[in-house]
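Reader: I am new to this structure and would like to learn how to read some of its features. Could you take me through them slowly?

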Amino acid sequence: MTARHRWPSSLRFRLLVATLLALALALALAGVLLASLFREHVVRQFESVLTQQLDQLTARLEFDTTGQPLVDAASLSDPRWQKPFSGLYWQLDRIDAGNAGQRAALRSRSLWDTALTLPTDALADGVVHVHEVRGPQDAPLMVVERTVRTADRPDAAWRLIVAGDMQETTQAIARFTGVLVASLLALGLLLVLAALAQVAVGLSPLRAMQRALAQVHDGRSARLEGRFPAEVQPLIDDFNGVLDRNAEVVSRARTQAGNLAHALKTPLAVLAHAADTEGPRDDLAQRVREQVALSRRHIDWHLARARVAASQRLPGQRTPVAPVLAGLVRVMERVHADRRLDLQLESPAPDLAFAGEEQDLQEMVGNLLDNACLWARHRVALRARREADRLVISVEDDGPGIAADRREAVLSRGVRLDEATPGSGLGLAIVADLVALYGGALALEEGAGGGLRARISLPAGR
């Protein structure tokens with residue numbers, strides 16, 4: 001499975017995605033809220049300043065005997081009232097019935113020759129309304145206004161207007177927003193790094209557990225070893241309990257198989273002894289001896305199958321290959337010493353290992369090596385190497401070999417190509433069965449010198 005397909009199912013990926021999405025949402029909401037609060041605060045401050053100016057202007061507004069309004073410009077304290085297009089303006093409109101009247105009856109010098117145009121508004125006396133409009137030179141303005149009346153002429157209403165340029169306020173809001181965005185991005189980066197560190201630290205016990213499992217799988221340990229946090233330790237204890245119970249079941253199964261084999265071998269030994277004692281040359285005694293020998297071989301064969309079936313894939317299995325092969329070569333040199341064979345062992349890598357039991361490896365390679373020694377003329381070569389995650393062992397002899405159309409047949413139990421050669425015909429069959437139980441394969445090929453090359457592929461220990 002590729003990394004692209006593994007990522008969506010990764011716990012680390014899910015935690016990071018959930019954390020980053022939550023951080024992004026939180027920072028975005030915080031940014032929007034802070035920017036909105038700052039803008040509202042600045043606008044209210046600006047509105048408050050304009051309202052104070054409106055109050056000052058209202059206090060300076062007077063009417064003559066004819067009811068015409070008067071404002072002493074010199075009494076206004078802010079010099080911007082006198083500077084054209086300074087950004088601070090006032091204007092007084094007359095309102096008659098139906099909102100008709102006179103626009104800009106009075107205005108500040110800062111308006112110069114322009115007048116403010118406001119939307120139609122129904123104002124109650126003394127109530128301040130706020131608008132945002134476009135003013136001189138198309139500048140954005142905030143306008144505060146109220147309606148005033150004189151006591152002697154209550155039918156005459158005047159619309160008193162104060163406006164201020166919002167460009168500086170808008171720029172201040174933009175600057176704050178920029179600084180806020182940069183700050184939130186920096187904060188977000190720090191939070192992302194913190195989230196990565198948190199996920200790495202939080203998932204480190206799982207990586208430790210993965211390494212412990214790899215050690216069990218590679219045969220370097222029979223149990224999960226290490227220090228784990230309190231949340232993970234119960235899982236480790238339960239898993240170790242399962243491994244212990246599994247090992248106990250396998251041990252019990254092996255013991256029972258051994259007991260059964262011993263129980264069967266004892267009466268067979270008695271029969272063989274009786275046949276040898278009572279009639280060593282009698283035909284019946286000879287047949288008894290043959291059947292007893294055959295029964296023993298069948299018991300050994302089934303016992304080997306039972307042992308491998310009970311122990312295959314057992315965690316913690318790892319057998320170094322080099323010592324086993326060297327030991328088998330020494331044994332075969334003594335067993336076939338009278339034939340003076342040249343047994344060649346190509347030294348395997350020191351770390352080459354078999355993911356299974358030593359006895360099973362000896363059983364498989366020993367049968368192949370013994371079979372090669374029986375048929376070889378002068379030389380037998382034994383090699384072992386690693387191919388990916390597989391252990392490949394080959395045994396090659398310089399004997400007559402086996403025809404391609406007969407190679408499958410010799411893997412069957414009891415099939416022998418030459419009745420004159422010693423053996424029961426069970427050797428290759430046992431090897432084929434044991435290899436299959438380990439999930440491997442046995443292949444018979446033509447050797448480089450015309451003889452037979454037997455090649456087995458088994459799971460390699462890491």
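Author: What follows takes up a helix, some strands and a group of charged side chains.

Author: This is a predicted model, in which local features need pLDDT of at least 70 and side-chain atom pairs count only at pLDDT 80 or more, while totals for chains, interfaces and linings use all residues. Residues are numbered from 1 along each chain as its sequence is written, and side-chain values use heavy atoms, with hydrogens and water left out.

Reader: Which residues of helix α6 are buried?

Author: An α-helix has 3.6 residues a turn, so residues three or four places apart point the same way. Helices (H or I, at least four residues) and strands (E, at least two) are DSSP runs, numbered from the N terminus, and buried means under 20% relative accessible area, exposed over 50%, and partly exposed in between, with a 1.4 Å probe and protein chains only. In α6, residues 321–335, the buried residues are Val 321, Val 324, Leu 325, Gly 327, Leu 328, Val 329 and Met 332. Among the elements that cover them are α7 (358–375), β11 (379–387) and β12 (390–397).

Reader: What stands opposite Glu 145 in β7?

Author: Two strands pair if DSSP finds at least two bridges between them. Glu 145 lies in strand β6, residues 140–149, and nine bridges join β6 to β7 in an antiparallel arrangement, with Ile 161 standing opposite Glu 145. Strand β3 (residues 88–95) also runs antiparallel to β7, joined by eight bridges, and eight of the nine residues of β7 are buried.

Reader: Is Glu 145 itself buried or exposed, and which side chain does its own side chain meet in a polar contact?

Author: Glu 145 is buried, at a relative accessible area of 0%. A polar contact is a pair of N or O atoms within 3.5 Å; within protein, one must be able to donate a hydrogen and the other to accept it, and residues adjacent in sequence count only if both atoms are side-chain atoms. The side chain of Glu 145 makes such a contact with that of His 131, at 2.7 Å.

Reader: Which residues are linked in a network of salt bridges?

Author: Side chains of opposite charge can pair when their charged atoms come close. A salt bridge is a side-chain nitrogen of Lys or Arg within 4 Å of a carboxyl oxygen of Asp or Glu. The network links Glu 346, Arg 383, Glu 396, Glu 445 and Arg 453. Glu 396, which is buried at 4%, pairs with Arg 383 at 3.7 Å, N to O, and with Arg 453 at 3.4 Å.

Key:
Contact means heavy atoms within 4.5 Å.
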